[in-house]
Amino acid sequence: MKKIYLLALCCFCSFGLSAQCLIKEISIETRIQAAEYIVEGKVIAKQSFWDDEGYNIYTSNTILLHKTFKGQLTDFQTIELITRGGIVGLEMQIDHPRLQLNIGDIGLFLLHPSTIKNEQTAKVNALYCTSEYVSQGYIKYNFSSGKAVDGHTIYEEVTTELYTLIEQNTGKSYRVVAPFNFDKMTRELSTVTTKSITSFSPTTITAGTESILTINGTNFGNSQGSIEFANADNGGATINIAALSEQIKTWTNTQITVEVPSDAGTGNFEIITTSNGTFTSSAPLVVSYNQSNAENSGDAYPTQFVDDNGMGGITFQYHTDFADGTDLAGADLAFLRAMNTWCTATNINWIRGADSNVDIIANDGVNIVRFGPIPGSTIGRTTSRWFACGSGGVFEDWYVSEIDIVFNENTNWYIGNGFPSGSQSDFESVALHELGHAHQLGHTNNGTNSTGDVMYFQILNGSVKRALSTNDEAGADDVFARSNSNMICSQNLMIASDCGTLPVELLYFDGKLVNTQALLSWETASEFGNAGFEVQQSQDTKNWKALGFVKGHGTTLETKHYKYYDEEPKLGVNYYRLKQIDTDKNYEYSELISVYRKGTKKESLTIFPNPVSNNLRIQLQKNDKRDYQFQLLDTYGNILRTWFSAAVRYDLSTEDLPSGSYIIIAKSDQDNFSKRFVKQ
């Protein structure tokens with residue numbers, strides 16, 4: 001029997017931009033035309049594998065064909081649908097967005113060829129496909145309701161509406177591969193009266209956290225069936241998130257206890273019995289937040305963070321084009337704001353590390369943040385990699401070993417503190433959402449697009465979500481609490497971050513004498529929680545006094561200009577620095593500048609060349625016979641060298657100095673002078 005390896009063609013969400021896949025809406029007619037293969041089938045097996053390069057894990061889903069609507073598939077009874085993510089050995093990969101199929105799922109698949117290969121699939125005479133596209137590539141059948149759903153669109157009739165729609169757009173009738181009758185299946189699995197579920201508790205719960213739901217009723221039977229919950233990824237439009245076999249803890253004719261599985265959202269749930277049909281709850285179960293799980297051998301396991309960088313946390317690295325604004329000016333700062341929002345709320349220990357030239361999403365030990373092409377209209381994707389440990393073949397402890405985030409370089413992004421237009425996607429909102437996935441949170445579907453959580457399954461063009469909800473924080477706090485207290489796999493704990501100050505980007509700080517006053521001026525390119533600047537003055541770079549305070553602009557990406565007058569600078573050299581203070585009282589100092597106010601004596605010190613490479617000439621006036629103490633300082637006031645000389649000329653070797661700015665100070669018993677120079 002031949003096998004074909006295929007990918008679900010990205011079938012797009014129907015409300016502007018969806019956070020689940022963050023993709024633009026494409027009509028079903030367009031999707032049908034774009035697909036190379038359209039088939040109806042059932043998932044009968046799954047197997048995960050690494051690609052040839054060892055970059056990413058994929059899962060091959062074996063689909064038993066019922067019908068073919070498009071494409072030359074005459075010789076095939078099964079196909080292999082390749083999706084991103086899966087588990088191989090002790091390693092797991094979860095991608096958001098993703099198309100996650102369960103064995104037993106039945107529906108329509110819109111497909112196209114893949115280039116993903118590995119040694120195993122290469123041995124098969126097959127057509128390969130990849131799984132970059134997700135959402136509406138799969139139209140799932142719901143036999144209890146007699147309908148089908150692809151993300152957000154509900155098809156009321158399968159055989160008369162959906163089949164006909166495909167045939168009209170392909171100009172061909174479908175071909176039967178194996179007997180299957182949707183209407184007959186619907187009749188056989190028709191819903192039993194909802195009164196068979198008399199109650200359930202609690203009515204509000206969390207998903208993927210091993211929280212137990214107790215369901216009371218009648219006629220459940222004494223043989224364990226299955227339980228399915230509303231799908232948070234599509235706003236609860238389908239009830240298809242099945243509890244794993246080991247998550248069903250007890251099953252009797254009148255009561256069931258079950259762990260609510262990862263990816264479950266708010267909505268009605270169903271009990272599918274082995275003998276009495278399907279029961280649907282009469283009221284929705286509210287799921288306040290949802291955490292990602294490792295699913296292995298019929299059970300699910302929560303995950304956590306560890307000390308990944310040797311500093312108690314995780315280091316994200318920007319690709320160089322992301323960092324310097326080549327891809328999108330301001331994206332690095334917007335991402336940093338989003339990262340700080342999570343850090344401030346949960347104390348998650350995330351830091352920004354050195355920029356990197358790594359420009360791929362791969363299992364390479366680099367937590368890369370970058371722009372790049374993403375197939376289809378997906379605008380953001382987070383890839384989390386987990387590692388497991390255990391004994392006796394049981395691996396119950398899983399931790400995050402790497403996180404990669406990519407944003408679509410072809411998206412019309414908005415950067416700023418205002419509001420995007422109706423055709424733009426707010427970058428900070430999307431970054432905050434993707435970092436929620438990095439926090440190992442799945443989607444929620446409580447509220448609406450405008451009132452829902454940051455992890456709400458949908459983000460529309462023209463809208464913003466830059467603040468976390470109570471649900472967002474509670475779910476993330478729970479993950480961090482484990483990470484900060486539960487040591488696993490011989491890994492050190494993640495430690496709480498103090499969420500150090502985000503930078504105020506100072507473009508320049510300068511000073512000059514205006515009449516008898518020192519005019520200080522500076523400019524910022526961006527500010528984050530900036531309360532303001534304390535202006536400080538010194539005559540020896542050691543003892544500083546505060547002159548005044550200039551209020552900052554809080555958080556802004558706009559260039560801001562500042563000035564301050566020291567009305568009574570001292571005679572001789574006056575040194576100034578800024579103490580930038582955040583709204584949370586953290587602070588940092590600027591570099592030093594100097595302003596010289598002439599006294600009765602003419603300034604004696606000159607230096608050249610400036611900039612300098614290897615040797616700096618320090619020159620005093622020929623008639624200056626005083627003994628001088630000389631000091632070499634960096635621009636933060638640290639003394640690098642000290643020497644004494646009575647000579648009017650001195651040569652200072654600068655060959656061993658790193659490139660940058662420095663200050664020369666000359667002090668006598670009567671006066672002092674300073675000059676700044678640049679080492680090339």
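Does Asn 219 count as buried, exposed or partly exposed, and at what relative accessibility? At 40% relative accessibility, Asn 219 counts as partly exposed. The legends below describe close-up views of a predicted model.

**Figure 1. Asn 219 and Ser 490 are two residues with positive phi that are not glycines.** Asn 219 has a phi near 65°. This residue sits in the loop that runs between β14 (212-217) and β15 (226-230). Ser 490 has a phi of about 60°. Its loop lies between α8 (470-485) and β31. With a relative accessible area of 79%, Ser 490 is exposed.

**Figure 2. A disulfide links Cys 389 and Cys 489.** The structure holds one disulfide. A disulfide is a covalent bond between the sulfur atoms of two cysteines. Here the sulfur atoms of Cys 389 and Cys 489 are 1.9 Å apart. The angle about the S-S bond is -85°, and the link is left-handed. Cys 389 belongs to strand β27 (residues 380-391), while Cys 489 is in the loop between α8 and β31, so the bond ties together parts that are 100 residues apart in sequence. Both Cys 389 and Cys 489 are buried.

**Figure 3. His 96 and Pro 97 are joined by a cis peptide bond, and so are Ser 201 and Pro 202.** For the bond between His 96 and Pro 97, omega is about 10°. Pro 97 is found in the loop between β6 (91-96) and β7 (106-113). For the bond from Ser 201 to Pro 202, omega is near -5°. Pro 202 is in the loop that separates β12 (197-201) from β13 (204-207).

**Figure 4. Four strands make an open antiparallel sheet in the order β12-β14-β18-β17.** Strands of a sheet pair through backbone hydrogen bonds, either parallel or antiparallel. At the edges of this sheet are β12 and β17 (248-251), each of which pairs on one side only. Ignoring direction, neighbouring strands are turned by 15° against each other on average. Four bridges connect β12 with β14 in the antiparallel sense.

**Figure 5. Another open sheet of four strands has the order β16-β15-β19-β20.** The pairing in this sheet is antiparallel. Its edge strands are β16 (239-242) and β20 (278-280); each has a single partner strand, so one side of each has no neighbour in the sheet. From one strand to the next, the twist averages 30°. Strand β19 (residues 270-272) and β20 run antiparallel and are joined by three bridges. Across this pair, Ile 271 stands opposite Phe 279 in β20.

**Figure 6. Strands β40 and β41 form a hairpin with four residues between the strands.** The two strands, β40 (residues 628-634) and β41 (residues 639-645), run antiparallel and are joined by six bridges. Gln 631 has Thr 642 in β41 as its bridge partner. In the hairpin, Gly 637 takes a positive phi near 90°. In a regular strand the side chains alternate between the two faces of the sheet.

**Figure 7. The second largest pocket holds about 370 Å³ of space.** This pocket is lined by 19 residues, and the closest to its centre are Leu 506, Phe 509, Ser 590, Glu 591 and Leu 592. Elements that give two or more residues to the lining are β31 (505-514), β35 (572-582), β36 (587-589) and β37 (593-597). The largest share, five residues, comes from β31. Sorted by class, the lining has 10 nonpolar, four polar and five charged residues.

Note on methods: Residues numbered from 1 in each chain as written. Predicted model: local features only at pLDDT ≥ 70, side-chain atom pairs only at ≥ 80, totals over all residues. Heavy atoms only, no water. 1 Å grid on protein atoms, 1.4 Å probe; cavity = no way out; pocket = protein on both sides within 12 Å on 5 of 7 lines; lining within 4 Å. Points joined across faces, edges and corners; volume = space filled by probe spheres on them. Nonpolar A, V, L, I, M, F, W, Y, C, P; charged D, E, K, R; others polar. Buried < 20%, exposed > 50% of the residue type's maximum accessible area, 1.4 Å probe, protein only. Pairing = 2+ DSSP bridges. Axes fitted to C-alpha atoms, helices over the stretch in contact; angles between N-to-C directions. Disulfide = S-S within 2.5 Å.
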